[in-house]
Amino acid sequence: MCGRRLRTETSRARGAGPVCWRATRPPVHRPPTADLTAVPEPTPGQTELELQPIQPTLWSL
């Protein structure tokens with residue numbers, strides 16, 4: 001496509017290198033990823049416990 005030498009078998013088979021191939025192809029739409037910062041809603045009937053700081057001791061190691 002751009003006149004450059006194709007180096008790999010894949011590039012030769014499709015007739016374009018990776019840069020030209022990406023430039024001429026439509027964009028790939030990926031599904032949205034999960035929002036890891038969102039706090040999930042508690043399940044009905046369950047009690048949410050407060051987080052307690054834990055001081056490691058010799059016995060807990």
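Is Arg 12 buried, partly exposed or exposed? Arg 12 is partly exposed, at a relative accessible area of 41%. The model is predicted.

**Salt bridge**
- The whole structure contains 1 salt bridge.
- This salt bridge joins the side chains of Arg 12 and Glu 9, with an N to O distance of 2.7 Å.
- Side chains of opposite charge can pair when their charged atoms come close.
- Arg 12 and Glu 9 are about one helical turn apart, because they lie 3 residues from each other in helix α1.
- Glu 9 is exposed, with 60% relative accessibility, while Arg 12 is partly exposed at 41%.

**Ser 11**
- Ser 11 belongs to helix α1, which spans residues 9-14.
- With a relative accessible area of 5%, Ser 11 is buried, because the cut-off for buried is under 20%.
- Beyond its neighbours within four places in sequence, Ser 11 contacts Leu 6, Ala 16, Gly 17 and Pro 18.

**Largest pocket**
- The largest pocket holds about 290 Å³ of space.
- Its lining is made up of 15 residues, and those closest to the pocket centre are Arg 4, Arg 5, Leu 6, Gly 17 and Pro 18.
- Leu 6, Gly 17 and Pro 18 are also among the contacts of Ser 11.
- Helix α2, residues 18-24, contributes the most to this lining, with 3 residues.
- Sorted by class, the lining comprises 7 nonpolar, 5 polar and 3 charged residues.

Conventions. Residues numbered from 1 in each chain as written. Predicted model: local features only at pLDDT ≥ 70, side-chain atom pairs only at ≥ 80, totals over all residues. Heavy atoms only, no water. Helix = DSSP H or I, 4+ residues; strand = E, 2+ residues; numbered from the N terminus. Buried < 20%, exposed > 50% of the residue type's maximum accessible area, 1.4 Å probe, protein only. Contact = heavy atoms within 4.5 Å. Salt bridge = Lys/Arg side-chain N within 4 Å of Asp/Glu carboxyl O. 1 Å grid on protein atoms, 1.4 Å probe; cavity = no way out; pocket = protein on both sides within 12 Å on 5 of 7 lines; lining within 4 Å. Points joined across faces, edges and corners; volume = space filled by probe spheres on them. Nonpolar A, V, L, I, M, F, W, Y, C, P; charged D, E, K, R; others polar.
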